[in-house]
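Subject: Structure for your files

Dear colleague,

Please find the structure below. My notes on what was found in it follow.

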Amino acid sequence: MGNPLFAKKPLSVLLDEAKETGEHSLKRTLGPFQLTALGVGAVIGAGIFVLSGLGAHYAGPGLMLSFVLSGLGCAFAAFVMPNSPR
């Protein structure tokens, strides 16, 4: 018995699953608004990485420190969820 992380399906099974219709098949649900939002998010995300790389030239280690501090702030915000179901 091998590691299930590296399990592979045969191509014929994948093609048969792709042809299935009904309750347990995947449906195309991305419309024009969702695709536009995905594109805008990708452009903004790429811009953030490019600008942070350019800023590292001038800021030096301060930029890394700001990323660490913002990460800590996000972690603390994740731990304090007031309306989470228990």
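Accessible areas come from the Shrake-Rupley method with a 1.4 Å probe, and for residues only the protein chains shown count as cover. On that basis the protein chain has an accessible surface of about 8,300 Å², and carbon and sulfur atoms account for 72% of this.

Two notes on the source. This is a predicted model, in which local features need pLDDT of at least 70 and side-chain atom pairs count only at pLDDT 80 or more, while totals for chains, interfaces and linings use all residues. Residues are numbered from 1 along each chain as its sequence is written, and side-chain values use heavy atoms, with hydrogens and water left out.

Overall fold. The protein chain has three helices and zero strands, in the order α-α-α from the N terminus. Helices (H or I, at least four residues) and strands (E, at least two) are DSSP runs, numbered from the N terminus. The radius of gyration of the protein chain is 22 Å, whereas a compact globule of 86 residues would be near 12 Å; the radius is taken over C-alpha atoms, and the globule rule is 2.2 Å times the number of residues to the power 0.38. Along the principal axes, the C-alpha atoms fill a box of roughly 55 × 35 × 35 Å.

Burial. Of the 86 residues, 5% count as buried (buried is under 20% relative accessible area, exposed over 50%, partly exposed in between, with a 1.4 Å probe and protein chains only). Ser-52, in helix 2, counts as buried because its relative accessibility is 18%. Its C-alpha atom lies 18 Å from that of Leu-72, 20 residues away in sequence. His-24 sits in the loop between helix 1 (11-19) and helix 2 (32-59) and is exposed, at 73% relative accessibility.

Nonpolar surface. Met-64, Leu-65, Phe-67, Val-68, Leu-69, Leu-72, Phe-76, Phe-79 and Val-80 form a nonpolar surface patch with about 1,000 Å² of accessible area together. Patches are made of residues with over 30% relative accessible area and no salt bridge; like charges are joined within 9 Å, nonpolar side chains (Val, Leu, Ile, Met, Phe, Trp, Tyr) within 5 Å. Met-64 belongs to helix 3 (residues 61-79) and is exposed at 56% relative accessibility.

Charges. The structure holds one salt bridge, meaning a side-chain nitrogen of Lys or Arg within 4 Å of a carboxyl oxygen of Asp or Glu. Lys-9 and Glu-17 form it, with their closest N and O atoms 2.9 Å apart. Lys-9 is partly exposed at 48%, and Glu-17 is partly exposed at 36%.

Regards
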